[in-house]
Amino acid sequence: MKKALAAFLVVGLLGIAAYASLFVAPTERTMGDIQRIFYLHMPSAVVAFCAFLVTFVANLLYVFRRQERWDWLGVSAAEVGLAFISVVLITGPIWAHPVWGIWWTWDARLTSTFVLWLLYVSYLLLRTLVEDPHRRALLSAVYGIFAFLDVPLVHMSIRWWRTQHPQPVLMGGPGTGLAPEMKRVLLINFIALVSLMIFLVRERYELEALRAQVDVLRREGEAA
Amino acid sequence: MTPAVSSLGLRCRNLEKRFGNFVALRRLNLEVHPGEAVALAGHNGSGKTTLLRLAAGLTRPTAGALHIGPGESTAAESRAHIGFVAHQTMLYDELSAEENLFLFANLQSITGAAERVSALLAEVGLAERRTSLVRTFSRGMRQRLTIARALLHGPALLLFDEPGTGLDAPGIIWLAATLARLRDTGCTILMSLHGQAELAAVATRAIRLQAGAVAADSFTGEPIESVLRVTET
Amino acid sequence: MALLHSTGILLGKELRTELRSRELITTTLVFILLVVVLFSFTFDPTSSESRRFGPGLLWVAFLFAASLMLQPCFLREQMNDTLSALRMSSPDPFAIFLAKLTANTMFLLLTELLMLPIFSVLYNVPILKVFPALLLVLFAGSAGICVTGTAVAAISAQARMRELLLPLLLLPLLTPVLIASTEATAALLAEEPALRLDWVGFLAAFDIVFLTALWLFGEYLLEE
């Protein structure tokens, strides 16, 4: 019941966010309607990063506490984060093509997002290749910590290397910035996507917990 | 060989170890008293190797505790007093007999390493081959060197996993004599055995493991020979 | 002090085993040579073209060579379970990593130094004048590769498909090293050579971050 309510809420929020992005927000002067994808693109990136932060904290907690639940949380948040980052990588080119005239460019933020995606694909790949659950949890936790530490370094190196991305529009200098309606729509999208992220991580976490329970039952069945 | 500093006992309380879905040790309760020479018997997969690796501090228990010595010291903390012989040789094939021993002696900062290494090489009968690479050794010679490595630092607790592996008949007799002498100097010995009556004769106590739990223990009065008898299935 | 003492002993062991067989250094050298020669077919190796593509080509070759060279460093220890003996005998597990990564850096650096004159001749890029600065860049970059690589080798050695897994886990982590080393090398090989201390500093920062991470979390990778 509670879960149905939560799902309903999340879907409702997403609906409102989509409506606001498509019909409420004003049309951007130079880019036109295609700019509306920004309301999905930018919050997804932030939400994905938050999910990876959750993975990092869970990885640390697993290493020091060795409780299975931190492993479950780590993998759940990493998978959800990867889903969001995939959204970023798909919506990016859709936006870029009409605006910049190319699908992909090796721009700083694009490239570092892509490397981030690769890092967490590797993290999940590693998990599929270790049989013993404790060892899998420990090895992937340490790799997850390494991957997260790598993120700022990747970002810095690529940024020094080249930059073509639109400068941050929210905290940029004078002259940049969004119209107030745009900000409000962006905020709604943020809230909707964060709640979606939390909902998905919780669902995925419960699935992982169930899976572990099945393992225990199977073990007891074999012992009996 | 130098006598052991002092004897160390070993206590397992509800010790449990799982590998994935496989339960290697199932709430094992066991006390090995200082100075005992315990022979472990049991089928493959009964938990002998797991118990020895837990006692050596190489593996963490899934649940329960294992303490070494009179206090609450964990196995990892007691490493300096433990001599371990595993299934595998734990030797570098690309190094010579003497280089192998010096490597571990230096790592453990043993004083008088040179004399110690020479004495042990003579003791295990490899003095003449001291500069040969381990790669060129027979399985029996490797096993002798493995035992020498485990005794380098004069440990008080010996954990030997099938120490007779690869040894020929004279080798087994030599090993039995060595173990008996170590036992008499006060070393605590916990060794898994596979047959080999000569080695079993050294034991002052026998324990049979089955599916990760104690199935029989000579401490309760059963004769050692019958505890060690593992019915083949 | 105890750490340096045991590291020294273990490093002696690593060097002695390698010098006896010379397996790693020879195979790595041949591999890099192959990549460098094969690459010359894919573009016109005039001096100006080589200045543009050469540094990147070199570092990609070093990176792939390292991901092969690092494979055996923990697999060898598993063969006779010598890793257990090391864990029981070394007072600090970090010494095991420190010795291995020092040895690996030395091997990689040696193959790079042997490779440089060949590259210089084949691609018509003079290196003699900038050699000391180049050595600094090579060292900082190779150390980064080997610090991270040694940790990842300890992880992949415990998984299935380990030979394939090591590069998959390692290469995304090393993106910053690739960029920084390539940029620094390119600046040195340019018509007017310049030592880019910003990039060298970045590499040093990378090395320190991952060395610290290895110091904090490495021991968990050796657990059973």
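**View 1. Confidence along chain C of the predicted model.** Chain C as a whole averages a pLDDT of 93. In this chain, 100% of the residues score at least 70. The model scores ipTM 0.94 and pTM 0.91.

**View 2. Helices α4 and α5 of chain A side by side.** Helix α4 of chain A covers residues 108-128, and helix α5 of chain A covers residues 133-161. Their axes come within 9 Å. They cross at roughly 170°. That angle makes α4(A) roughly antiparallel to α5(A), because angles over 145 degrees count that way. Look at the residues of this contact: 14 are nonpolar, five are polar and four are charged.

**View 3. Where chain A meets chain C.** Here 24 residues of chain A are in contact with 24 residues of chain C. On the chain A side, α4 and α5 of chain A each supply at least two residues. Helix α5(A) gives the most to this side, with 15 residues. The side of chain A that touches chain C divides into 20 nonpolar, two polar and two charged residues.

**View 4. Where chain C meets chain B.** This contact takes 18 residues from chain C and 20 residues from chain B. Two elements of chain C give two or more residues to the side that touches chain B: α1 (2-21) and α5 (82-89). The largest share of that side comes from α1(C), with seven residues. The side of chain C that touches chain B divides into three nonpolar, eight polar and seven charged residues.

**View 5. The three-stranded sheet of chain B.** This open sheet has the order β2-β1-β4 (chain B), and its pairing is antiparallel. The edge strands are β2 (22-32) and β4 (63-68) of chain B. Each has a single partner strand, so one side of each is left without a neighbour in the sheet. From one strand to the next, the twist averages 20°. Strand β1 of chain B (residues 10-19) pairs with β2(B) in the antiparallel sense, over seven bridges.

**View 6. The six-stranded sheet of chain B.** Six strands form this open sheet, in the order β5-β6-β7-β3-β8-β9 (chain B). The pairing is mixed. At the edges stand β5 (82-85) and β9 (213-217) of chain B. Each edge strand has a single partner, so one side of each is left without a neighbour in the sheet. The twist averages 20° from one strand to the next.

View 7. Strand β8 of chain B (residues 205-210) and β9(B) run antiparallel, joined by four bridges. In β9(B), B:Asp217 is the bridge partner of B:Ile207. Helix α4 of chain B (residues 139-151) packs on the sheet. The helix touches β5 and β6 (157-161) of chain B. Its direction makes about 165° with that of β5(B).

Technical notes. Residues are numbered from 1 along each chain as its sequence is written. Chains are lettered from A and ligands numbered from 1 in the order in which they are written. This is a predicted model: local features need pLDDT of at least 70, side-chain atom pairs count only at pLDDT 80 or more; totals for chains, interfaces and linings use all residues. Axes are lines fitted to C-alpha atoms, for helices over the stretch in contact, and angles run from 0 to 180 degrees between N-to-C directions. Angles under 35 degrees count as roughly parallel, over 145 as roughly antiparallel, 65 to 115 as roughly perpendicular and the rest as oblique. Ala, Val, Leu, Ile, Met, Phe, Trp, Tyr, Cys and Pro count as nonpolar, Asp, Glu, Lys and Arg as charged, and the others, Gly among them, as polar. Two residues are in contact if their C-beta atoms, placed from the backbone, lie within 7 Å. Two strands pair if DSSP finds at least two bridges between them. pLDDT is the predictor's confidence in each residue, from 0 to 100.
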